2 protein chains.
Amino acid sequence: MIKNDLYLRALRGETVERPPVWMMRQAGRYLPEFIALRDQYDFFTRCQTPELAAEITVQPIRRFPLDAAILFSDILVVPQAMGIDFKMKESVGPWLDTPIRTLEQVENLQVSGAEENLKYVYDAIEITLQKLENEIPLIGFAGSPWTLLCYAVEGKGSKSFDIAKSFCFTQPEAAHLLLQKITDVTIAYLKRKVKSGVSAVQIFDSWGGMLSPEDYQEFSWKYINQIVEALAPETHVVVFAKGCWYALEEMTKSKVSALGVDWTITPELARKFTNNSITLQGNFDPARLHSSPEVIRKMVHEMIDRFGKDKYIANLGHGILPNIPVENAEAFIRAVVEYKN
Amino acid sequence: MIKNDLYLRALRGETVERPPVWMMRQAGRYLPEFIALRDQYDFFTRCQTPELAAEITVQPIRRFPLDAAILFSDILVVPQAMGIDFKMKESVGPWLDTPIRTLEQVENLQVSGAEENLKYVYDAIEITLQKLENEIPLIGFAGSPWTLLCYAVEGKGSKSFDIAKSFCFTQPEAAHLLLQKITDVTIAYLKRKVKSGVSAVQIFDSWGGMLSPEDYQEFSWKYINQIVEALAPETHVVVFAKGCWYALEEMTKSKVSALGVDWTITPELARKFTNNSITLQGNFDPARLHSSPEVIRKMVHEMIDRFGKDKYIANLGHGILPNIPVENAEAFIRAVVEYKN
């Protein structure tokens with residue numbers, strides 16, 4: 001049904017002619033046509049207006065031979081749907097006037113039916129699918145419960161999320177209740193996304209790497225794995241946990257279809273920690289897209305050689321940076337498309 | 001000569017009755033007596049006034065049974081001595097009005113004799129040694145060339161130091177010249193510190209973990225290792241490279257006396273990556289000092305059991321956080337001192 005199903009074949013671990021390629025945050029800030037829209041509509045208006053979200057999603061698809069689209073949205077729409085009033089503050093980023101710091105606040109959060117508040121996302125999926133005309137698969141995503149707790153408790157971005165960690169270590173009961181509530185809403189939300197037509201879902205655990213291996217199991221993976229267990233029977237689930245190389249072995253035992261890795265692990269070690277048994281996605285340093293197109297091409301080919309062309313999805317090791325020249329992003333994508341074994 | 005030489009014996013890999021303990025950033029912001037001084041003198045005045053730096057260095061020694069003191073100072077005094085005019089901006093942190101972005105700026109930096117501009121540090125060491133009365137060793141430190149480049153090019157702190165990385169990838173010649181200049185000054189500076197009486201030096205590579213394993217070798221370890229080679233014949237060199245678990249194996253082959261590790265690696269893997277052959281230092285999650293004193297005690301004892309009491313220096317996995325209760329810091333230290341095999 002989907003004409004170019006390379007991404008799905010890689011998720012199933014099939015032998016392919018070359019790896020599929022897409023870029024985290026490909027729909028967005030490095031594209032002039034995105035910047036034109038950004039100057040007209042604020043951040044959450046772009047997320048919450050289905051036509052805009054769909055348009056932004058397909059912008060990079062019009063330019064580049066990508067093998068998958070990812071719905072333009074934000075991980076914070078889930079806590080918003082639960083009643084946590086996130087704003088996007090100019091030159092600050094995510095912002096909460098009243099961060100979550102007490103058990104009572106957690107108890108008051110909406111769970112049942114919260115996913116109904118995200119109808120605009122499901123509508124955006126339907127419009128996007130029409131625009132994509134079955135050419136390539138569409139990916140849906142959500143933040144990990146731990147990463148969402150980080151923002152909800154800290155109330156803003158942070159280098160080390162010490163307030164969020166302190167909340168977990170001093171009020172573990174409240175922390176676990178919050179994580180469970182986010183998990184439950186995320187499962188309902190992702191099921192609705194699948195029903196709306198996405199071909200795979202990716203969980204972003206952007207701040208997992210702030211935790212020790214033991215705390216990671218307790219405060220992050222335990223909840224991600226609930227999501228994986230709930231979704232895997234229905235769709236492909238990909239987990240990208242930045243900085244969590246130490247959890248790869250454990251994650252490999254789960255029902256995920258693929259694991260994302262960042263650029264601080266070599267392809268060889270990533271394969272070793274995952275027993276050579278699972279599809280991996282990554283891991284080009286986003287800052288390395290500042291290199292010249294020739295250097296990028298050479299590095300991409302080396303990366304594919306090292307991961308191997310099968311059970312592999314070429315991608316960056318984190319989101320593309322805003323100031324990357326469009327031709328450098330294109331050099332990255334074309335280097336994968338032109339790859340010959 | 002030094003009455004309690006437990007820290008030095010651990011650096012030499014000798015069998016000890018219990019591991020030595022000190023805390024990164026132990027001289028500072030979590031202590032009420034430090035805050036009293038901070039309200040009187042600004043940051044670089046504290047660093048540049050030998051009596052103040054010495055007083056701050058011994059403040060935690062008066063309170064706690066620590067096995068080493070570390071001279072109160074800052075990694076930015078080295079680039080300052082080279083002519084890079086760092087300020088400490090209220091609620092921003094390190095700040096440069098004119099960050100280093102061109103080869104010409106790098107060429108203009110002072111190297112020869114720059115260490116003479118840091119006489120206040122050597123004076124602080126002499127005063128501190130008088131105060132310590134040979135009870136415990138004094139550690140001196142410096143930032144890694146890469147970490148100092150990060151601040152010099154970015155001009156301020158950052159979550160990912162993308163400008164600094166972009167500088168390295170687009171102007172490698174200027175980057176390597178800057179790294180070499182910082183390396184040369186750091187070697188001269190640390191030699192003077194050793195001559196002034198410190199018993200060991202620690203290199204802090206706070207931002208090494210932003211680089212891929214390959215870029216780490218090229219832009220960070222290559223220069224750290226020059227410092228290790230130059231200093232190791234004269235003193236113990238400890239390298240703490242946050243987030244650089246992937247470089248531990250390579251670092252183990254060098255002349256370092258010990259390697260610091262952060263809390264994202266298990267003691268077992270840290271031992272494995274270093275072939276069980278070298279003294280390790282770390283790795284208690286600083287945010288875990290928010291736990292109760294009883295939990296801290298239990299976790300510290302587990303940590304020592306897992307690292308083993310020999311070839312081990314108990315420490316945090318990064319600097320102590322400003323809002324940690326003094327009694328929790330004390331619980332950490334006492335848990336090590338009271339440790340029985």
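In which strand of chain A is Asn283(A) found? In this predicted model, Asn283(A) belongs to strand β8, which covers residues 279–284 of chain A. Asn283(B) is placed in strand β8 of chain B, which spans residues 279–284.

A second kind of backbone feature concerns the angle phi, which is negative in most residues other than glycine. Arg25(A), which is not a glycine, has a positive phi near 65°, and this residue is located in the loop that links α1 (6–11) with α2 (32–38) in chain A. The surroundings of Arg25(A) hold 17 C-beta neighbours inside 10 Å, and Arg25(A) is therefore classed as partly exposed, given that the partly exposed class lies between the limits of 12 or fewer for exposed residues and 20 or more for buried ones.

Asn275(A), also a residue other than glycine, shows a positive phi of about 55°. The loop in which Asn275(A) is found lies between α13 (267–273) and β8 of chain A, and β8 is the strand that contains Asn283(A). Because 11 other C-beta atoms lie within 10 Å, Asn275(A) counts as exposed, the limit for that class being 12 or fewer.

Notes. Residues numbered from 1 in each chain as written. Chains lettered and ligands numbered in written order. Predicted model: local features only at pLDDT ≥ 70, side-chain atom pairs only at ≥ 80, totals over all residues. Helix = DSSP H or I, 4+ residues; strand = E, 2+ residues; numbered from the N terminus.
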